[in-house]
Amino acid sequence: LELVGQYAWLKADEVAAGLDDEYGKEFEIYANYTIYNNLTYTVGFAYFWTGDWFKGTAAQNFSIDDNYLVMNALNFSF
């Protein structure tokens with residue numbers, strides 16, 4: 001069993017005048033469980049807090065929501 005947690009804070013290197021440079025923040029947690037030597041099950045969750053960079057300067061973009069992901073996978077390798 002492998003448990004992994006990650007956190008990232010994303011910022012733009014250069015932005016135009018009047019724009020915020022923060023893309024957002026992301027948190028991920030997932031687990032890998034090896035059933036057999038060649039069969040692994042993965043389950044995970046991620047959440048992305050959307051930053052102001054995606055909103056731009058247009059007033060209609062100010063309602064951009066945060067995003068999330070729920071994932072599971074069964075991986076077979078040979």
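Reply: Lys25 counts as partly exposed because its relative accessibility is 28%, where partly exposed lies between buried (under 20% relative accessible area) and exposed (over 50%), with a 1.4 Å probe and protein chains only. The model is predicted, so local features need pLDDT of at least 70 and side-chain atom pairs count only at pLDDT 80 or more, whereas totals for chains, interfaces and linings use all residues. Residues are numbered from 1 along each chain as its sequence is written, and side-chain values use heavy atoms, with hydrogens and water left out.

Lys25 forms a salt bridge with Glu22, and the closest N and O atoms are 3.2 Å apart; the term requires a side-chain nitrogen of Lys or Arg within 4 Å of a carboxyl oxygen of Asp or Glu. One salt bridge is found in a search of the whole structure.

The strand pairing comes next. Strand β2 spans residues 22-36 and runs antiparallel to β1 (residues 2-11), with ten bridges joining the two. Strands here are DSSP runs of E with at least two residues, numbered from the N terminus, and two strands pair if DSSP finds at least two bridges between them. Within this pairing, Gly5 has Ile29 of β2 as its bridge partner. β2 also pairs with β3 in the antiparallel sense, over twelve bridges, and a hairpin connects β2 to β3 through two residues. Gly24 is bridged to Thr50 in β3.

Lys55 counts as buried because its relative accessibility is 18%. The C-alpha atoms of Lys55 and Tyr23 are separated by 9.6 Å, although the residues are 32 apart along the chain.

The surface also carries a nonpolar patch, formed by Leu1, Leu3, Tyr33, Ile35, Tyr36, Tyr41, Val43 and Leu74, with about 890 Å² of accessible area together. Such areas come from the Shrake-Rupley method with a 1.4 Å probe, and for residues only the protein chains shown count as cover. Patch members have over 30% relative accessible area and no salt bridge; nonpolar side chains (Val, Leu, Ile, Met, Phe, Trp, Tyr) are joined within 5 Å, and like charges within 9 Å. β2 and β3 each supply at least two residues of the patch, and β2 gives the most, with three residues. Val43 has its place in strand β3, and Val43 counts as partly exposed because its relative accessibility is 38%.

Conventions
Helix = DSSP H or I, 4+ residues; strand = E, 2+ residues; numbered from the N terminus.
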